[in-house]
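Subject: Structure handover

Hello,

Please find the sequence and structure below. My notes on what was found follow it.

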Amino acid sequence: MMFKIFFILPLLCISISIQAQSEDYKTQTLFIYNFIKYASWPDQQSEFIIQVYGDSPILSELKQLASLKKTPEGLAIKVVQTNELAAISTCNILYVANTKSKEMEAIAESTKGKPYLIISSRDGMTKKGAVVVFFLNEDERMGFTISRNKLTARKIKMSGELMRMAELVD
């Protein structure tokens, strides 16, 4: 009997963790849409591009968002995905999947000077090049950090309201 409990308990924890993660992607997508609404990029193109680097469940959430919404300026939102660093192309938002976070420094270097809002959900990534990092606080609520220096270096402006919602670093 005790063996069954030790075997089933970890499986239960894994399924709860997977369920919480899938809900996080919906929340992250809502935050990303607010970034689109309350931030401005220099040299806006004819469409707003979100690129997902790596495999992530957020891809389907972002594609659903793109099918339903436009930017406040009326631009279509396009979502693309790549698994190759060399294939990262012009975009407004670059979401780095957790599976690719070990490449964050190389990503930041290869996109240096470009107005890409680089987003991650892996702790510590602002130190390695991400501009925004999502996290769960002790109440299991989604929050985000913003690197002010990296935001400024990438010439992206965010509204004061959005900045007040964030934990600011540097």
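Helices (H or I, at least four residues) and strands (E, at least two) are DSSP runs, numbered from the N terminus. This is a predicted model, in which local features need pLDDT of at least 70 and side-chain atom pairs count only at pLDDT 80 or more, while totals for chains, interfaces and linings use all residues. Residues are numbered from 1 along each chain as its sequence is written, and side-chain values use heavy atoms, with hydrogens and water left out.

Arg-154 counts as buried, at 7% relative accessibility; buried means under 20% relative accessible area, exposed over 50%, and partly exposed in between (1.4 Å probe, protein chains only). Leaving out residues up to four places away in sequence, Arg-154 touches Ala-108, Thr-111, Lys-112, Lys-114, Pro-115, Tyr-116, Ile-118 and Val-131, where contact means heavy atoms within 4.5 Å.

An open sheet of 7 strands has the order 3-2-4-5-6-7-9, with mixed pairing; two strands pair if DSSP finds at least two bridges between them. Its edge strands are strand 3 (76-82) and strand 9, each of which pairs on one side only. On average, neighbouring strands of this sheet are turned by 25 degrees against each other, direction ignored.

Strand 4 (residues 93-96) and strand 5 (residues 117-120) are parallel and share 3 bridges; Ile-93 has Leu-117 in strand 5 as its bridge partner. Strand 6 (residues 132-136) pairs with strand 7 in the antiparallel sense over 5 bridges, and Leu-136 is partnered by Met-142 in strand 7. These two strands form a hairpin with 5 residues between them, and Glu-140 in the turn has a positive phi of about 65 degrees. Strand 7 is also joined by 3 bridges to strand 9 (residues 167-169), and the two run parallel. Ser-147 stands opposite Val-169 in strand 9.

How many residues of strand 7 are buried? The count is 6 of the 6, so the strand is largely enclosed by the rest of the structure. Met-142, Phe-144 and Ile-146 point one way from strand 7, whereas Gly-143, Thr-145 and Ser-147 point the other way, and all are buried.

Aromatic pairs

The structure holds 5 aromatic pairs. Rings of Phe, Tyr and Trp (its six-membered ring) pair if their centres lie within 6.5 Å; planes under 30 degrees apart count as stacked, over 60 as edge-to-face and the rest as tilted. In the pair of Phe-31 and Phe-144, the ring centres are 5.1 Å apart and the planes stand at 65 degrees, so the pair is edge-to-face. Phe-31 belongs to helix 1 (residues 2-38) and Phe-144 to strand 7 (residues 142-147), so the pair ties together parts that are 113 residues apart in sequence.

Phe-35 and Phe-144 also form a pair: with ring centres 5.2 Å apart and planes at 75 degrees, it is edge-to-face. This pair links distant parts of the chain, Phe-35 in helix 1 and Phe-144 in strand 7, 109 residues apart. Phe-35 is buried, with a relative accessible area of 0%, and Phe-144 counts as buried at 1%. Phe-31 is buried too. Ring pairs link Phe-31, Phe-35, Phe-134 and Phe-144 into a cluster.

The nonpolar core

A nonpolar core is a set of buried Ala, Val, Leu, Ile, Met, Phe, Trp, Tyr and Cys residues joined through side-chain atoms within 4.5 Å. Which residues of the largest core touch the most other members? Of its 47 residues, they are Ile-32, Phe-35, Leu-117 and Met-158. Helix 1 supplies the largest share of this core, 6 residues. The contacts of Leu-117, not counting residues up to four places away in sequence, include Phe-35, Trp-41, Val-132, Leu-151 and Met-158.

Helix 2

Helix 2 lies across strand 2 (47-53), strand 3 and strand 4, and runs at about 160 degrees to strand 3. Axes are lines fitted to C-alpha atoms, for helices over the stretch in contact, and angles run from 0 to 180 degrees between N-to-C directions. In helix 2 (residues 58-68), the buried residues are Ile-58, Leu-59, Glu-61, Leu-62, Leu-65 and Ala-66. Seen down the helix axis, these buried residues fall within an arc of 160 degrees, so they line one face of helix 2; the arc is that of the directions from the helix axis to the C-beta atoms. Ser-67 and Leu-68, on the other side of helix 2, are exposed.

Regards
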